[in-house]
Amino acid sequence: MLKNYLKTAWRNLWKGRVFNAMNIIGLSVAVACCIMLFLTVYYEFSYDKYHTNIDKIYQFYFTKNGAEKVEKATSMPAPLTPAVKAEYQDIKYITRMGNGGTVVRYGNTQVEKSIHFVDPDFLKMFTFPVVKGNNTAPLKELNDLVITEYAATAIFGKTDPIGKSIELNYSGEPKAFVVSAVVKDFPGNSSIGFDILLRYENTPEYQEHMKHWDWHDHTVFVQLNDNVKPAGFESRLQNFVKKTFKSTIADMKRDGAKPDAQGNVYTLNLTAFAKNHFNTDMDGLEGNTVNKSYVISLLIIGAFILIIACINFVNLSVARAFTRAREVGVRKTLGAGTWQLLTQFWVETVLVCLFALVMGIVIANFALPGFKATFRSQVSMDMLLQPVQLVVIIGLFILITVVAGLYPALLMMRYKTVLVLKGTVNTTKPGKVRNVLLVTQFALSTLLIVCTLITWQQIDFIKKKPLGYSKDEVVSIPIGKTVSGARALELFRNQLNGQPGVVSVTGAFDNMGNGKDGSMRTSVTGFTYKGHNISTNVQGVSYDYVKTLGIQMVDGRDFSPEFASDSSAIVINEKMAAQLGGKNVVGTYLPIDENKPSLIIGVMKNFHFRSLRTEIEPLTLVMSGYDINYVFVKVRPQNLSQTFAMIESKWHQTFPNADFAGSWINENTERQYRAEQRLSTIFISGAIIAIIISCIGLLAISFMIMVQRTKEIGIRKVLGANIAGLVMLLSRDFLKLVLLAAVIAFPVAWWLMSQWLQSFVYRIEIQWWIFALAAFIAVAIAFITISFQSIKAALANPVRSLRSE
């Protein structure tokens, strides 16, 4: 029996190969898209899940309920961790974590590697299995060093690293450490990444940091005992905060801080480490955080494409079923039962879906490298073989085949056999179900079109908005750890001196935008001025910083080598000046350093030194106390590519052992919005695919309608109807459905994109013409699709269609 079903199904599929080809193409493209999108979503949600204790690990953060806003910060003072551990028995493990970079030397090998300074509890809390060496207490001694497999290979090659002494230079002085253990390389979906682990006590100026509760420069993770509730522990922490940070709380209350529901203005809180990957509400979280709405958008777009393809499949199956009405009638007359007919239709559907699934997997496999490069995804086709993915695929496959296979069959069962055999089944008026499915298809497609237009408009707005400094003709070069920053700047400045394409050279502690090294630094300091707490971002710079970046001065002057006292002076922006009173601040001394007040010599015009997601904050430029990590080179606008090549050549001449990772600052600023650019690309791709799949279904349905109305069209032509009138008559009903779909999609699209735009401080206003344009695109595409069949039907010779009458 099964063999007979399969043989009959194959014959029917071949007979209706045009319809079935449309079905398979639409479904296979949708399957390929969904595989890549859903695997990406799964990958993002799997971040850090490999840690055995992930549900028990939390990260400390401070909450400051200020007079104007609530601030959350994950940076902690060095003495906090030992003090909290000594006072609370609730804690099972606790570790500090500070990040850094170092030059590693072993024999003739010299490489740059990243460091995490941690406490011994780190390897008890987080799952980084030891594969060689001491697996009980790998960080027992202060000079112990733990290294990853990848870093061990890079430094030692095939030599066993255990017990070997290597030299690290991360603070200007080489220090010797002994490799005590090698840990397994962490997976790509890890928030915590490092090459080397050192004891936290090895951080530069550790003893000095332990004396200051107001120096915040690292993060702290804690694992609670099994019987401890996080909320209860958090509430008990507040007594410690009130006792330890008494002066900070007093200063905040003096400045008008607004207490929270429990009456606290300054609190120490816990955030679950398991949620860190999607936590974009605070800075300083470990790893690259991702906006959860971005990942949910991928899931929704994938679901939209799949739903549209399924609706398309159902509509095509229904259209095909009506062409087989007499076949069903004959089968029923010859004694075929309901279940036999249902099984026959279902087997045909299973074959179509199976072909589509196989083709979809093949397409996804070929498209995956490009997808990974475009969207910076780390997914692989091997992930499809995991139990969760297999269950989802099988479940969706069964659901689609049941709905698409049984619904058309059940529809045909409703008609009486005699009427079917006479050919008098009335299908001239479209069914409600078909209309609902068509409206749903185009509503989802129109929704994606609107999202695409708004996302593109916001990204274009960001790119074109003036940032207050020159970004088009300035090269940013990360210095790295192989040479001292200040020394490197001096040498390279001398090397470029007199070059015709170079205007000026300067250096800074932090980059502008996101450079090729992927590093972004933030330094914030606070002090009391005239009885008020002042907070400001600090940027360490060299001479000509303002000149090189084209920043405008509104009062005073820039740093100058002609004034020796400028080494302790500061330049501030307008936002910082407003905190100090706003007017005549040049010449004022600020107690930024307790031992030596700093003289304000100039006020800069506000500029966007951070992304446009945040407002411009107070900024202070200083000449001392901060390393120079980046060199900025201002060049002339002529021959930019040649000048860039010259700068790279001079860099290699000056620093033969240092990599060149220079980039234009305009590239750096664009990298800040990679997530938005990827989302825009996904919306565009999703909208195009959704429209194409919808149009395939619309084309097939319009073909079915034209066949059913062939005699009506012939009669109208005989009575004098022209081609344009016939085309509009045949297209009108479909266009009404498309317009209805647009009207349904508009409020949903407006709400979704309004929520997305809230993540930007500087954003566009959603204009009415975006919705009008989206409706026009949807209607135009639908009209063009329908017109293929409408014009063909209108041009047909009426004699042929009326001959049988």
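Mentor: What follows goes through the salt bridges and then the cysteines.

This is a predicted model, in which local features need pLDDT of at least 70 and side-chain atom pairs count only at pLDDT 80 or more, while totals for chains, interfaces and linings use all residues. Residues are numbered from 1 along each chain as its sequence is written, and side-chain values use heavy atoms, with hydrogens and water left out.

Side chains of opposite charge can pair when their charged atoms come close. With a salt bridge taken as a side-chain nitrogen of Lys or Arg within 4 Å of a carboxyl oxygen of Asp or Glu, the count comes to 15 salt bridges. One of them joins K56 to D226, whose closest N and O atoms are 3.3 Å apart. Because K56 sits in the loop between α2 (17–45) and β1 (57–65) and D226 in the loop between β11 (216–224) and α7 (230–244), this pair ties together parts that are 170 residues apart in sequence; helices (H or I, at least four residues) and strands (E, at least two) are DSSP runs, numbered from the N terminus. For accessibility, buried means under 20% relative accessible area, exposed over 50%, and partly exposed in between (1.4 Å probe, protein chains only). On that scale K56 is partly exposed at 35%, whereas D226 is exposed at 61%.

A further salt bridge brings together the side chains of K243 and E87, at 3.2 Å from N to O. K243 belongs to helix α7 and E87 to helix α3 (residues 80–87), so here the contact ties together parts that are 156 residues apart in sequence. E87 is partly exposed, with a relative accessible area of 38%.

E473 and K634 also form a salt bridge, their closest N and O atoms lying 3.6 Å apart. This pair links distant parts of the chain, with E473 in the loop between α14 (432–464) and β13 (474–478) and K634 in strand β22 (residues 630–635), 161 residues apart. E473 is partly exposed at 23% relative accessible area, while K634 is buried at 14%. Elsewhere, K85, D121 and K124 are linked in a network of salt bridges.

Turning to the cysteines, a disulfide is a pair of cysteine sulfur atoms within 2.5 Å, and a search of the whole structure finds 0 disulfides. For C34, the nearest cysteine sulfur is that of C33, 6.7 Å away, and C34 is buried, with a relative accessible area of 6%. For C310, the nearest cysteine sulfur belongs to C353, 7.8 Å away, and C310 is likewise buried, at 19%.
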